[in-house]
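Dear colleague,

Please find below the structure that I am handing over to you. A short account of the findings follows it.

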Amino acid sequence: YSTFEETSYLLIHGHLPNKKELDIFDQDLKNNRELPTEILDIIELLKNSHPMDVLRTAISAMSVPVNNQSINLEKFVIKHGTRILAAAPTIVTTHARIRIGNKIIPPNKDLSHASNFLYMLSGKIPDPVESNLIDKDFILHAEHGVNASSFTARVTASTKADFYAAITAALASLKGPLHGGAAEGVMNMATEIGDKKNVEKYVDSFLKSGGRIMGLGHAVYKTADPRAIHLKEGAKQLSDKQGNPKWFSILNAITETKAVQMRQRRGIHPNVDFWAGAIYSLIGIPDDLFVPIFAIGRIPGWILHILEQYQANVLIRP
């Protein structure tokens with residue numbers, strides 16, 4: 001029953017906001033969505049690069065005009081964390097449109113964080129079901145303990161490197177397919193399968209050849225990933241609404257194969273990425289934007305980890 005804006009405030013400030021605090025925070029996000037001309041130029045220069053490379057480079061470049069003297073102070077981290085949180089969807093959607101020769105869609109201050117992201121991607125006010133699912137997806141990705149990218153952010157912050165350096169390092173870590181790329185891998189697999197009737201044969205053949213089914217298992221969970229439960233419901237809802245059951249039926253059939261059922265008995269269940277890709281595909285989002293969407297959602301958690309590291313810093317050295 002929350003929103004991504006409210007959840008972000010909770011993570012960054014450490015308490016749930018009252019209405020006035022949430023309104024101020026929401027307005028601050030909306031006021032920071034526009035990109036400076038210099039960042040637009042960088043995106044244009046890198047238009048043929050992978051979206052994660054563009055996001056990482058653009059956010060790193062946002063530090064250029066910043067006075068870094070108070071870079072580790074809480075006030076600075078919150079101010080610039082909010083700036084990055086607001087700008088990241090604009091960077092991703094601006095690049096997505098530039099690279100295919102489409103006109104950039106400016107941010108819409110009447111829309112929420114999630115709705116505005118979809119609007120800037122397509123130029124259309126999004127369906128409430130779709131925007132609510134993306135909002136839920138952002139919430140579920142907002143923070144998840146000391147995973148690879150959050151740990152990378154903390155290691156970088158522990159050297160007393162500046163805030164932008166720590167965020168850039170986290171983005172670099174997230175790009176790796178063993179961390180952020182599972183949703184894209186799941187949908188590549190579903191595309192290869194093509195039809196529900198091919199699932200059992202494909203899974204058996206794939207596993208016998210030494211393949212690993214993406215989106216199954218998690219370092220934290222030996223029962224079902226609780227985030228996956230919410231996104232599975234969302235994927236089913238969106239499939240039914242669109243009258244397009246293909247991706248949901250293929251993915252659901254994968255979870256019902258003997259091989260996957262056997263793995264679930266050993267504690268290897270579908271994780272959040274298994275169903276996220278189906279939602280993105282149903283909305284019409286290109287596969288290589290899946291990891292940037294993960295990044296947009298995870299920024300509040302990174303801000304929190306970096307802030308905590310600065311506040312009680314010890315150099316992290318393996």
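Of the 318 residues in the protein chain, 53% are buried, where buried means under 20% relative accessible area. Please keep in mind that the model is predicted.

The overall form may be described next. The secondary structure consists of 16 helices and zero strands. The C-alpha trace spans about 60 × 45 × 40 Å along its principal axes. A compact globule of 318 residues would have a radius of gyration near 20 Å, and the protein chain, with 20 Å, therefore agrees with that expectation.

As for charge, the protein chain carries 35 positive and 32 negative charges, whose mean positions are 5 Å apart.

Helix 9 covers residues 163–174. At 1.5 Å a residue, its 12 residues should span 16 Å, and the end C-alpha atoms are 17 Å apart, which agrees. Because nine of these 12 residues are buried, helix 9 is largely enclosed by the rest of the structure. The buried residues are F163, Y164, A166, I167, T168, A169, A170, L171 and L174.

With kind regards

Conventions: Residues numbered from 1 in each chain as written. Predicted model: local features only at pLDDT ≥ 70, side-chain atom pairs only at ≥ 80, totals over all residues. Heavy atoms only, no water. Helix = DSSP H or I, 4+ residues; strand = E, 2+ residues; numbered from the N terminus. Rg over C-alpha atoms; globule rule 2.2 N^0.38 Å. Buried < 20%, exposed > 50% of the residue type's maximum accessible area, 1.4 Å probe, protein only. Lys, Arg positive; Asp, Glu negative; His and termini not counted. Charge placed at Lys NZ, Arg CZ, Asp CG, Glu CD. Expected span 1.5 Å × (residues − 1).
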